[in-house]
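Here's a quick briefing to read alongside the model. Keep the 3D view open and pick out each piece as you go.

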Amino acid sequence: MAAPWRPQGYVPNPKAAEKYVSSLKWPTLAEAGPELKSDDKRDVVLWPAIIRVKPNYSRVAQAIGSCVGHGFAGCIDALSSTEIVVHGEPEDWPGRCLEASIYALSRVEARGLTRNYGGDGSYGAAAAEAVTNWGCLHYDVDYNGTIFKEYSGTREKQWGASGLPDELEPFAKRRTVKTATLVTNFKQLCDAISSGYPVAQCSQQGFVFKRDEDGFCKANNAGWSHCTAFIGKRMGKRPGALYWQSWGPKSNSGPHYSGVPGKEMHPAFEGCTFWVDADVVDRMLAGRDSYALSGYKGFPPRKLPRWTGGVL
Amino acid sequence: MNLRTVAAVVLLAVGLFGVPPLPAIPTSTSVQEPSDEMKTAVKPVLKVVSRMSPIDRLWLQNIYENFAKVVASDGIVDEPVVTSTDSLRATHIAVLKFIWKGMANNSPSKYEGLAEAIDEVMSGVISDESRPLTPEMRKSAVELCRAIAWAGLGKDQ
């Protein structure tokens, strides 16, 4: 039986990535946050913050080669919820980040194009440029009468060619990421995630689908040209990073470790995450097109209805 | 069963078992005196309390003493339930429904300005925005509820 088709969509562009990185004020995490330090003993995962702000959170399986939009959108969900829950930022969490918005902006606007009729796919630097300078949209938010309720691969296909519709660009601009910083090894990833900054990784690394007894998926030579989010790090006898797949809720199986001792992995993440060994993470990030995101310009807090609820 | 039979049954029951007890009303508990800052904050409530019956003032004390306990103890043994101003508000309304409406059998708007006064002080001291509940906000909420309970004593009148 043929394996189900699992779209990827990372199209490396090393020249453009280097150009983008060299344009950054602080190109690498070491320069952007020299004070950032990871506790070598502590495991840190960002998924509980997402569940805290959205208990029924779930992600979809990407339908086309739009992984770059999905990887960065997952990072923005993790970043924005962490800023609310952990850093106590007074913001409202309206809904999941709309993958198509980042995908479109990374293919067209962020590259200075008006159209892009090339095949599907994008690269990390373009998405980093998109989320920092062009922003993103969200599901369930009213954009002057337009509300995105459901995921659509067709929308990604269309917007991937046309770019984000002009009338939506001003809305996206309100929700930008302050900083995207190149992450090139596991140590830097740990420093970023310990501070609540997820890492969007772009690499050619493939994995088996079944997790081993420690919750890791072993790297293989499948050669996935893929972008996903890293949303956790674990230390101890087998250090690694938590890889968040964009192939739907049943893309991985086997034993798991949630990253929180004594706590089960939440069902929304159980079937689409696995741990990657630190040496493999080093290889993946060495491709120099993976970024830690920080400082999301979120939604202002909603006003509460009356405290007494009509009872007094 | 006609009215005469019902009256006879009731009289017989009273003769045999005595007068049934009246519904339990709360008795004043040991209300802590709040800080000067909290006394100032609850002034809008004090104004309305002066027009409330003694029994309803006791109910007010009862509500806010208990609510303060709920908020203060949340998260000590298990994961916290009240983690945002939204969940704090929902718990507040649940306590109001349970005691003010359910036990005291009071209707909404029984005392003009009471809801507005409570809303004003809660919004002022805690927040009028949907946001995560920080430890500082939780502490303020507990102090405020104790101060509202103290306002129920009407000592400042």
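**Where the two chains meet**

Let's start at the interface: 22 residues of chain B are in contact with 16 residues of chain A, where contact means that the C-beta atoms, placed from the backbone, lie within 7 Å. Keep in mind that this is a predicted model, in which local features need pLDDT of at least 70, side-chain atom pairs count only at pLDDT 80 or more, and totals for chains, interfaces and linings use all residues. Residues are numbered from 1 along each chain as its sequence is written, while chains are lettered from A and ligands numbered from 1 in the order in which they are written.

- On the side of chain B that touches chain A, the elements giving two or more residues are H5 and helix H6 (114-125) of chain B. (Helices are DSSP runs of H or I with at least four residues, strands are E runs with at least two, and both are numbered from the N terminus.)
- H5(B) gives the most to that side, with nine residues.
- By class, that side of chain B has nine nonpolar, five polar and eight charged residues. (Ala, Val, Leu, Ile, Met, Phe, Trp, Tyr, Cys and Pro count as nonpolar, Asp, Glu, Lys and Arg as charged, and the others, Gly among them, as polar.)

**A helix pair in chain B**

- Helix H5 (residues 85-103) of chain B also meets helix H4 (residues 54-73) of chain B: their axes come within 10 Å and cross at roughly 145°. (Axes are lines fitted to C-alpha atoms, for helices over the stretch in contact, and angles run from 0 to 180 degrees between N-to-C directions.)
- Residues on the H4(B) side of this contact include Trp59(B), Ile63(B) and Phe67(B), and those on the H5(B) side include Leu88(B), His92(B) and Trp100(B).
- The contact of H4(B) with H5(B) has ten nonpolar, four polar and no charged residues.

**Covered strands in chain A**

- Strand E9 (residues 291-296) of chain A has five of its six residues buried, so it is largely enclosed by the rest of the structure. (Buried means that 20 or more other C-beta atoms lie within 10 Å of the residue's own, with C-beta atoms placed from the backbone.)
- E9(A) pairs with strand E2 (residues 177-182) of chain A in the antiparallel sense over five bridges. (Two strands pair if DSSP finds at least two bridges between them.)
- In that pairing, Val177(A) has Tyr296(A) of E9(A) as its bridge partner.
- E9(A) also pairs antiparallel with strand E3 (residues 199-203) of chain A, over two bridges.
- Here Val199(A) stands opposite Ala292(A), and Ala200(A) stands opposite Tyr291(A).
- Which way do the residues of E3(A) point? Val199(A), Gln201(A) and Ser203(A) point one way, Ala200(A) and Cys202(A) point the other way, and all are buried.
- E3(A) is joined by five bridges to strand E6 (residues 226-234) of chain A, and the two run antiparallel.
- Gln201(A) has Thr228(A) as its bridge partner in E6(A).

- Chain B has a mean pLDDT of 84, and 80% of its residues reach 70 or more. (pLDDT is the predictor's confidence in each residue, from 0 to 100.)
- In chain B, confidence is lowest in helix H1 (residues 3-17), at a mean of 47, and highest in H6(B), at 96.
- Over residues 9-14 of chain B the pLDDT is below 50.
- Where pLDDT is low, the predicted coordinates should not be read in detail.
- For the complex, the predictor gives an ipTM of 0.77 and a pTM of 0.73.

Technical notes. Contact = placed C-beta atoms within 7 Å. Buried ≥ 20, exposed ≤ 12 C-beta atoms within 10 Å, placed from the backbone.
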